[in-house]
Amino acid sequence: MASTTATAAEASRRESLPRARGKLYRGDLGMWSWVAHRITGVLTFFFLFVHVLDTALVRVSPNAYDTVINTYKHPLMILFELGLLAAVLFHAFNGIRVMLVDFWSEGPRFQRPMLWTVIVLWLVLMIPAAISMLTRAATELFGG
């Protein structure tokens with residue numbers, strides 16, 4: 001009968017073997033796009049959750065709602081808006097790529113080029129948006 005536990009001799013022999021150095025799996029681009037898709041989806045969900053809560057606040061207390069909205073007008077909140085834009089854009093473009101891979105017969109063959117297309121589109125849209133939004137934040141923070 002086979003056992004799934006190692007005997008003491010096997011365990012000590014395994015411990016004496018040298019471990020491979022530099023062989024840690026760091027993933028490839030596809031794995032990291034999967035991780036980023038999950039993270040951006042969760043971030044977008046939490047934004048929508050907070051948005052529904054603060055919008056519902058208007059029925060409970062209009063003064064509290066006004067206070068929350070004034071908090072959102074602070075220039076540092078532009079950084080959060082920029083993060084939200086980055087998350088939503090990547091999630092949307094990558095979601096289209098995932099649908100094409102799943103439902104288009106040629107999708108798996110073109111998975112890597114489509115991922116690079118997503119990254120390029122994301123950068124083409126994010127760089128000017130980031131410059132514009134950060135310029136506005138700096139102007140509001142430091143005057144100008």
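Welcome: select helices H4 and H5 to start, and you will see them pass each other in a right-handed crossing. Handedness here is right-handed if the near helix is turned clockwise from the far one by less than a right angle, and left-handed if anticlockwise. Helices are DSSP runs of H or I with at least four residues (strands are E, at least two), numbered from the N terminus.

Before going on, a word on the model: it is predicted, local features need pLDDT of at least 70, side-chain atom pairs count only at pLDDT 80 or more, and totals for chains, interfaces and linings use all residues. Residues are numbered from 1 along each chain as its sequence is written, and side-chain values use heavy atoms, with hydrogens and water left out.

**Stop 1: H4 against H5**

Show residues 77-103 for H4 and 111-142 for H5; their axes come within 9 Å and cross at roughly 165°. Axes are lines fitted to C-alpha atoms, for helices over the stretch in contact, with angles from 0 to 180 degrees between N-to-C directions. H4 and H5 are therefore roughly antiparallel. The angle classes are roughly parallel under 35 degrees, roughly antiparallel over 145, roughly perpendicular from 65 to 115, and oblique for the rest. The residues of the contact of H4 with H5 divide into 22 nonpolar, two polar and four charged.

**Stop 2: Met126**

Now pick Met126 in H5. Is Met126 buried or exposed? Met126 is buried, at 7% relative accessible area; buried means under 20%, exposed over 50% and partly exposed in between, with a 1.4 Å probe and protein chains only. Leaving out residues up to four places away in sequence, Met126 touches Leu82, Leu85, Ala86 and Leu89, where contact means heavy atoms within 4.5 Å.

**Stop 3: H2 against H4**

Next, bring up H2, whose axis comes within 9 Å of that of H4 and crosses it at roughly 125°. That makes H2 oblique to H4, and the crossing is left-handed. On the H2 side, select Ser33, Ala36, His37, Thr40, Gly41, Thr44 and Phe47; their partners in H4 include Leu84, Ala87, Val88 and Arg97. This contact divides into six nonpolar residues, eight polar and one charged.

**Stop 4: His37**

Finally, centre on His37 in H2 (residues 29-60). His37 counts as buried, at 13% relative accessibility. Beyond residues up to four places away in sequence, His37 touches Phe90, His91, Asn94 and Gly95. Which residue's side chain is joined to that of His37 by a polar contact of 3.1 Å? The partner is Asn94.

Methods. Polar contact = N/O pair within 3.5 Å; in protein donor to acceptor, adjacent residues only side chain to side chain. Nonpolar A, V, L, I, M, F, W, Y, C, P; charged D, E, K, R; others polar.
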